[in-house]
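Subject: A structure for you to look through

Dear colleague,

Please keep the structure open beside the text as you read.

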Amino acid sequence: MTKQITQSLGGITLVVIIAAAALLLFASSAFAAGTLGGDTKTVAADGAATVTITGQAASGTNGIGNWTVDITVDSAKLGTAACGTVQNAAGDCNVLVGNVVRLFGATTSDTGLTGSQVLGTINVTAQAALTAGTCSDLTMTITKFQDGAGADLSPTITNGKVCVAAAVTASPTTAPTATAAPSLPNTGGNPGDSSSMLLTWLLV
């Protein structure tokens, strides 16, 4: 009887361990991390900028298999956004209502796109509302981001940013200090005495 109970408990323990391992495996595959981000560009007032959007699957997982990423651009500060380059033949780009740029695509590779990958670029132009020394974010939202096996990825997002360089303040200049003219030595006597003495010396 004791042996049967021990075997039953051992079986239950084994089932629990297997279930826990399966749960961890599912969690790691369904919510594997990675990165998705845009770079930061600094321009002069009214300057144009091209912001690059890159993505990468977590180390140890398949690469990026398919993606749909929406990037919202503040038109008051960065004007009307435009699509730049895309991820080779696997990617595409559209500009949606609300000045939203959608980068999307898929690869037929079972391993996906491994390493850091450029998903696309976005072209914007700084407007007067983006004043010197300030920045405007390109806010990214993921609709779909999966690896080559179709498992969802949950990457860490870093929004792109466009900044206008701060105004350069000129250093104040100090006017040179006037230097007093040196005083002539005092020869003594009243004005005119020296000329009189010289004249008397010549007559002698």
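Throughout this message, a residue is called buried when its relative accessible area is under 20%, exposed when that area is over 50%, and partly exposed in between, with a 1.4 Å probe and with protein chains only taken into account. This is a predicted model, in which local features need pLDDT of at least 70 and side-chain atom pairs count only at pLDDT 80 or more, while totals for chains, interfaces and linings use all residues. Residues are numbered from 1 along each chain as its sequence is written, and side-chain values use heavy atoms, with hydrogens and water left out.

The sheet

Strands here are DSSP runs of E with at least two residues, helices are runs of H or I with at least four, and both are numbered from the N terminus; two strands pair if DSSP finds at least two bridges between them. With those terms in hand, you will find an open sheet of six strands, in the order 2-11-9-4-7-6 and with mixed pairing. Strand 2 (40-43) and strand 6 (91-96) stand at the edges with a single partner strand each, so one side of each has no neighbour in the sheet. From one strand to the next the twist averages 15°, where axes are lines fitted to C-alpha atoms (for helices, over the stretch in contact) and angles run from 0 to 180 degrees between N-to-C directions.

Strand 4 (residues 64-73) is mostly covered, since nine of its 10 residues are buried. Strand 4 runs antiparallel to strand 9, to which nine bridges join it, and also antiparallel to strand 7 (residues 100-106), to which seven bridges join it. Trp67 can be followed in both directions, as it stands opposite Phe145 in strand 9 and has Gly105 as its bridge partner in strand 7.

The salt bridges

Side chains of opposite charge can pair when their charged atoms come close. A salt bridge means a side-chain nitrogen of Lys or Arg within 4 Å of a carboxyl oxygen of Asp or Glu, and the structure holds three of them.

One joins the side chains of Arg102 and Asp70, at 2.7 Å from N to O. Because Arg102 lies in strand 7 and Asp70 in strand 4, this pair ties together parts that are 32 residues apart in sequence. Arg102 is partly exposed, at 27% relative accessibility, whereas Asp70 is buried, with a relative accessible area of 12%.

Another is formed by Asp137 and Lys161, whose closest N and O atoms are 2.7 Å apart; with Asp137 in strand 9 and Lys161 in strand 11, the pair links distant parts of the chain, 24 residues apart. Asp137 is partly exposed at 34% relative accessibility, and Lys161 is partly exposed at 27%.

There is also a salt bridge between the side chains of Asp39 and Lys41 (3.6 Å, N to O), in which Asp39 is partly exposed with a relative accessible area of 25% and Lys41 is partly exposed at 27%.

Two buried residues

Asp147, which lies in strand 9 (residues 135-147), is buried yet has no salt bridge, the nearest side chain of opposite charge being Lys144, 12 Å away; in this count Lys and Arg are positive and Asp and Glu negative, while His and the chain ends are left out. What does the side chain of Asp147 reach at 2.9 Å? A polar atom of that side chain lies 2.9 Å from the backbone nitrogen of Ala149, and the side chain also reaches the backbone nitrogen of Ala151 at 2.9 Å.

Thr121, found in strand 8 (residues 117-125), is buried, with a relative accessible area of 9%. A polar atom of the side chain of Thr121 lies 2.8 Å from the backbone nitrogen of Thr85. Leaving aside neighbours within four places in sequence, Thr121 is in contact (heavy atoms within 4.5 Å) with several residues, among them Thr50, Thr52, Cys83 and Thr85.

With best wishes

Conventions. Polar contact = N/O pair within 3.5 Å; in protein donor to acceptor, adjacent residues only side chain to side chain.
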